[in-house]
Each structure stands twice: as structure tokens, then as C-alpha cells.
Amino acid sequence: MAEQRWGLTLTLPMLPLSAHEELVRRAEAAGYTDFWSGETNGPDGFTPLALAASWTERARLGTGIVGVMTRGPALLAQQAAALADASGGRFVLGIGASSDRIVSGWNQMEFSRPLTRVSEAVDFLRVALAGERTGTGFKLEQAPAKPVPIVLAALRGKMLELAVEKADGAFSNYLPLSGLPQVTAQLEGAPEGFELLCRFFCLPGSREEIEPLARFMFASYATVPVYAEFFRWLGHGDAIAEMCEAWEARDRERATASAPWELIEETFVFGTPEQMRERLDAYVEGGVTLPVLLPICPPDRMGEVIEALAP
């Protein structure tokens with residue numbers, strides 16, 4: 001039986017990059033096999049991994065996820081090759097379409113044809129990372145010594161199918177437990193070794209302690225158009241309708257209040273460490289091969305929570 005992989009998200013909330021070294025070392029010592037970066041409005045997806053490459057000895061390092069619309073494919077290949085080199089071949093390139101809010105809103109770049117553009121990026125990167133010349137004339141000065149696996153951010157049907165067709169894994173996010181069978185059904189026929197990764201927002205504490213924050217986080221995330229479509233695809237269109245309408249009207253208070261608790265409870269991981277592990281184990285039993293945890297807690301508790309949730 002293959003080793004159960006267990007991941008941690010970089011960067012950790014409310015902590016500067018300069019404060020991460022001790023926590024990353026503690027996490028690897030506690031048994032975490034992977035560190036996967038995020039890329040929203042904090043640090044970019046590559047810099048934390050470059051630092052982690054020098055702080056770790058065995059852990060795999062992956063971008064989870066960097067967008068193909070805010071970087072050119074040649075630059076992506078250069079960054080992937082650099083991380084593969086710096087980490088001694090421990091790097092995995094996770095890419096995706098990102099969201100219209102990030103691409104067209106924040107970066108003022110065109111957000112269009114996400115499926116096609118991700119597919120074209122994979123084709124380019126396979127050629128470039130193998131050290132061959134691409135159709136655009138680009139060739140890496142030095143190709144990675146080992147193949148760089150590629151994982152796709154994939155929420156719904158066609159992107160999940162593309163991941164099975166062209167990638168080495170799929171990366172999900174904000175996935176309610178009841179929706180897991182619908183996601184895994186799209187992965188039938190995946191090659192041996194194909195991975196299903198999922199990021200989990202872990203909030204230690206009782207419902208009373210975490211509900212205000214969880215409601216706001218859910219409302220701000222699930223109203224992003226690509227995530228709203230994801231929840232509709234899973235059959236929760238009616239449950240999120242009022243929340244999305246309120247958010248669009250910039251009524252954050254009403255959007256937060258109308259966030260459906262039943263769906264929040266299914267999507268977030270909270271409670272005691274034992275309760276959180278039980279929920280994570282249910283996802284693993286359902287087909288998630290690599291949970292990627294993001295603890296949401298005060299900085300002075302972060303090491304304790306990381307170790308409490310270790311494999």
C-alpha cells in the first residue's frame with residue numbers, strides 16, 4: 001500500500017515568511033510529507049517553496065495553485081525548472097486557470113477560455129520541461145534532471161477530465177464532503193499514481209468559536225464566480241443564492257448572515273483535533289489521496305495545531 005501523504009499549506013496565515021522556518025521544520029519532523037503553496041493576495045506561489053527547499057530534506061514541494069493567465073508559459077517553465085533544481089527534484093508544478101476576480105479584476109488581464117488555455121499550457125510545459133524546444137522557439141537553458149509532475153486545479157467536469165487526460169493529478173478546494181463522490185466519479189479511468197489533492201481550511205474550536213469567521217470566509221470565497229458555479233454544479237444553487245445576491249450588491253453583512261451553515265459545516269474542518277482528524281479521514285476514505293491542510297488560528301498556536309493534526 002502506498003504511503004499516505006499529508007500536506008501543509010504555505011504560507012501560514014498571519015505569519016511573515018521570515019517566521020516560517022521553525023514551523024516548516026517542525027511539520028516535516030512531525031510527518032508531513034508535502035508543502036503546497038497558495039497564491040491569492042499574499043506571497044506568490046514560488047517564493048515560499050524556494051525557502052522551504054532549504055528548510056526541508058525529504059518533503060515534496062508543490063505550487064497549489066499558480067495561474068496560467070497571469071504568467072507566460074515560458075516563465076512558468078523557468079520557475080518550475082528553478083524549483084526542481086533547488087529542491088533536488090522534489091518539486092511538483094500545480095497550475096490552473098485561477099479566477100476572473102484575480103485575473104481580470106486584480107491583474108487587468110484577459111480571463112477567457114480557461115479550459116483551452118490550461119490545456120495549451122500543459123502541452124507547452126511538457127515539452128519545455130523535457131528540455132525540448134517548444135513551438136514558440138523557447139528552450140530551457142537547463143532542463144530538470146527528473147520529470148516534473150503537473151497537477152491541475154480542477155473543480156468541475158471538463159477540467160477534471162482534462163486532468164485525467166493530460167496531468168498527474170487534480171487539485172480541488174472548498175469541497176463539501178457530500179460532493180466528493182461527484183468529483184471522484186469524473187476521475188474514473190485515471191492512470192495509476194494519479195493524485196487527488198484537496199485543500200482544507202482547519203479551524204480549531206467549537207461552532208460557537210469559529211462560526212463568525214467561517215461564515216465570512218465562506219461568503220467571500222464561495223461567491224467568486226468560479227466557486228459559485230462549482231457549488232451549483234454540486235447541486236447547492238438554491239442554498240447559496242441569497243448569499244451570492246447579497247455579495248454582488250456589496251451587502252457583506254447580509255451575505256455573511258445568509259451563508260448556509262449546513263454547507264459551511266460540510267466544507268470546513270473544525271472542532272477538536274480528534275474531530276478534525278475524523279473528518280479528514282472521511283475525505284481520505286472517499287478518495288482524496290493528499291489532504292493539504294491550512295490551519296486558521298493565532299500565530300502563537302500554529303505549531304501546536306500543526307502537530308496536533310500531523311499524520
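**Notes on the fold and on Ser-112**

1. Overall size first. For 311 residues, a compact globule would come out with a radius of gyration near 19 Å, and the protein chain has 19 Å, so the two agree. Keep in mind that this is a predicted model. Along the principal axes, the C-alpha trace spans about 55 × 40 × 35 Å.

2. Of its 311 residues, 51% are buried. Among contacts with a separation of 6 or more, 74% are between residues 24 or more positions apart.

3. Now for a local spot. Ser-112 sits in the loop between helix 4 (100–106) and helix 5 (114–129). Is Ser-112 buried or exposed? Its relative accessible area is 16%, and the cut-off for buried is under 20%, so Ser-112 counts as buried.

4. Which side chains does the side chain of Ser-112 meet through polar contacts? One is Glu-110, with a side-chain to side-chain polar contact of 2.8 Å. Another is Arg-117, whose side chain makes a polar contact with that of Ser-112 at 3.4 Å.

5. Setting aside neighbours within four places in sequence, Ser-112 is in contact with Met-69 and Arg-117. Arg-117 therefore turns up both in this contact list and as a polar partner of Ser-112, given the 3.5 Å limit for polar contacts.

Technical notes. Residues are numbered from 1 along each chain as its sequence is written. This is a predicted model: local features need pLDDT of at least 70, side-chain atom pairs count only at pLDDT 80 or more; totals for chains, interfaces and linings use all residues. Side-chain values use heavy atoms; hydrogens and water are left out. Helices (H or I, at least four residues) and strands (E, at least two) are DSSP runs, numbered from the N terminus. Buried means under 20% relative accessible area, exposed over 50%, partly exposed in between (1.4 Å probe, protein chains only). A polar contact is a pair of N or O atoms within 3.5 Å; within protein, one must be able to donate a hydrogen and the other to accept it, and residues adjacent in sequence count only if both atoms are side-chain atoms. Contact means heavy atoms within 4.5 Å. The radius of gyration is taken over C-alpha atoms; the globule rule is 2.2 Å times the number of residues to the power 0.38.
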